[in-house]
Amino acid sequence: MEDFLLKENKILVTGAAGFIGAALIKKLLNKNNEVVGMDNLNNYYDVNLKKDRLKSIYENNNNLKFDFIEADISDNVIKEIFEKYKFKTVVNLAAQAGVRYSLENPMSYVKSNIYGFVNILECCRSYKVQNLIY
């Protein structure tokens, strides 16, 4: 993992309630980073599992420099989030998962994986984010 993720930094992690997102947030918090986690908590798989991961972030970190925002990266609210927090680093892990589901609902993938990612890119450009990890 790059050094800039392991020291004091203000970081946005999208897909925060996913397996990788939650694990990354815990590591970043342990290294004294200020972290904002963002996830839309969709019901593609059990929402309770996602909520349990978020709960474990709060339970396992005494030094809570963590805010969670339930939002979708494809929504315009993301601009307000970038404006408020002035992130130095963005880690975009948000995506619609599941190959089979893409055949049933391709627009869900376009919304999250394409439009949402462009939204992240534009916010990173507009708010002069130093590091983007995708």
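Helices (H or I, at least four residues) and strands (E, at least two) are taken as DSSP runs and numbered from the N terminus. The structure described here is a predicted model, in which local features need pLDDT of at least 70 and side-chain atom pairs count only at pLDDT 80 or more, whereas totals for chains, interfaces and linings use all residues. Residues are numbered from 1 along each chain as its sequence is written, and side-chain values use heavy atoms, with hydrogens and water left out.

In the segment before β1 lies N9, a residue that is buried at a relative accessible area of 8%, where buried denotes under 20% relative accessible area, exposed over 50%, and partly exposed the range in between (1.4 Å probe, protein chains only). The side chain of N9 is joined to that of T89 by a polar contact of 2.9 Å; such a contact is a pair of N or O atoms within 3.5 Å, of which, within protein, one must be able to donate a hydrogen and the other to accept it, and residues adjacent in sequence count only if both atoms are side-chain atoms.

Strand β1 (residues 10-14) pairs with β2 in the parallel sense over five bridges, two strands being regarded as paired if DSSP finds at least two bridges between them. Within this pairing, L12 stands opposite V36 in β2. Strand β2 also pairs with β3 (residues 66-70), again in the parallel sense and over five bridges, and here D39 stands opposite E70 in β3. Because five of its six residues are buried, β2 is largely enclosed by the rest of the structure. Together, β1, helix α1 (residues 19-30) and β2 make a right-handed β-α-β unit, the crossover being right-handed if, with the strands pointing away from the viewer, the path from the first strand over the helix to the second runs clockwise.

Leaving aside neighbours within four places in sequence, I78 is in contact (heavy atoms within 4.5 Å) with M38, I73, N119, I120 and C123.

A search of the whole structure finds zero disulfides, a disulfide being defined as a pair of cysteine sulfur atoms within 2.5 Å. The sulfur of C123 has its closest cysteine sulfur in C124, at 7.2 Å, which is too far for a bond.

Most residues other than glycine have a negative phi. Against this background, N32, although not a glycine, has a positive phi of about 70°; N32 lies in the loop between α1 and β2 and, at 24% relative accessibility, counts as partly exposed. A positive phi, of about 50°, is likewise found at K86, which is not a glycine and lies in the loop between α3 and β4 (89-92).
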